[in-house]
Amino acid sequence: LPGKTLGIIGLGAIGVAVANSAHALGLNVIGTVSTEEKAAVARAQGCDHVILYGQEDVAKRVREITNGVGVSVVYDSVGKNTFNASLDSLKRRGLLVCFGTASGPTPPFEAMQLAMKGSLFVTRPALADYVADPAERAALSGEIFGHVAAGRIKIEINQRYPLEDAVRAHHDMESGRSIGSSVFSV
């Protein structure tokens, strides 16, 4: 895997963990964020390159960074506003992992687009499908917590909200104001 390039659209809690993990594995990481403030966080979390998706043509910049090839995988937590750019950033037979909908659900698309853009793959994983089996859940949680304990994945809490501010916390996430992990105080 070292030397391969992947893209991360949106650096919420999961995006930060993916950036950390990928960087630790020697992958070339392109982080795509909405603000300069988030760009600084992305660099600190292991992104080798950072693209501001509201100000730059994401797919064009990804192609420049990868010498016209595109990335093997895009992890997209933003959804509606970034879906097409995510698809256009992939190399032939690349994989788009849609795991969040901060800007809204991904738009409908024709399956033929995947063939026309290079035989692409798209998936929308759900946690329940990965933790339904107790043995698999234990193995996966042991792996992730092992990385956290060893310091390969860093979890930083960037926002704290009182429980009664849950609506504001959700609005902050939807509007792109939150960075990384958020927690509620009870």
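1. Within strand S5, cysteine 98 is the bridge partner of aspartate 76. The chain passes from S4 to S5 by way of helix H4 (residues 83–88), and this β-α-β crossover is right-handed. A crossover is given that hand if, with the strands pointing away from the viewer, the path from the first strand over the helix to the second runs clockwise. Helices (H or I, at least four residues) and strands (E, at least two) are DSSP runs, numbered from the N terminus.

2. On the basis of the note: this is a predicted model, in which local features need pLDDT of at least 70 and side-chain atom pairs count only at pLDDT 80 or more, while totals for chains, interfaces and linings use all residues. Residues are numbered from 1 along each chain as its sequence is written, and side-chain values use heavy atoms, with hydrogens and water left out.

3. The sheet is open and consists of six strands in the order S3-S2-S1-S4-S5-S6, with parallel pairing. Strands S3 and S6 each have a single partner strand and stand at the edges, so one side of each lacks a neighbour in the sheet. On average, neighbouring strands are turned by 15° against each other, direction ignored. Two strands are taken to pair if DSSP finds at least two bridges between them. Axes are lines fitted to C-alpha atoms, for helices over the stretch in contact, and angles run from 0 to 180 degrees between N-to-C directions.

4. Strand S4 (residues 71–76) is mostly covered, five of its six residues being buried. Here buried means under 20% relative accessible area, exposed over 50%, and partly exposed in between (1.4 Å probe, protein chains only). S4 is joined to strand S1 (residues 5–9) by four bridges, and the two run parallel; glycine 7 stands opposite valine 74 of S4. Five bridges join S4 to strand S5 (residues 90–98), again in parallel.

5. Between S5 and S6 there are three bridges, and these strands run parallel. Phenylalanine 121, found in strand S6 (residues 121–123), stands opposite leucine 95. Leaving aside residues up to four places away in sequence, phenylalanine 121 touches Arg93, Gly94, Leu95 and Leu96, where contact means heavy atoms within 4.5 Å. The C-alpha atoms of phenylalanine 121 and glycine 70 are separated by 14 Å, the two residues being 51 residues apart along the chain.

6. Helix H2 (residues 36–44) has Lys38, Ala39 and Ala42 buried. Seen down the axis of H2, its buried residues fall within an arc of 105°, so they line one face of the helix; the arc is that of the directions from the helix axis to the C-beta atoms. The exposed residues Glu36, Glu37 and Ala44 are carried on the face turned away from the buried side of H2.

7. Which strands do the buried residues of H2 pack against? They pack against strand S2 (28–33) and strand S3 (49–52). The direction of H2 makes about 160° with that of S3. Helix H3 (residues 58–65) lies across S1, S2, S3, S4 and S5, and runs at about 160° to S3.

8. Glycine 46, which follows H2, has a positive phi near 110°. Most residues other than glycine have a negative phi. Arginine 93, a residue other than glycine, has a positive phi near 60°; arginine 93 lies in strand S5 and is exposed, with a relative accessible area of 59%. Serine 119, also a residue other than glycine, has a positive phi near 55°. Serine 119 is placed in the loop between helix H5 (112–116) and S6, and is partly exposed at a relative accessible area of 41%.

9. The structure holds zero disulfides, a disulfide being a pair of cysteine sulfur atoms within 2.5 Å. Cysteine 47 counts as buried because its relative accessibility is 6%, and cysteine 98 counts as buried at 5%.
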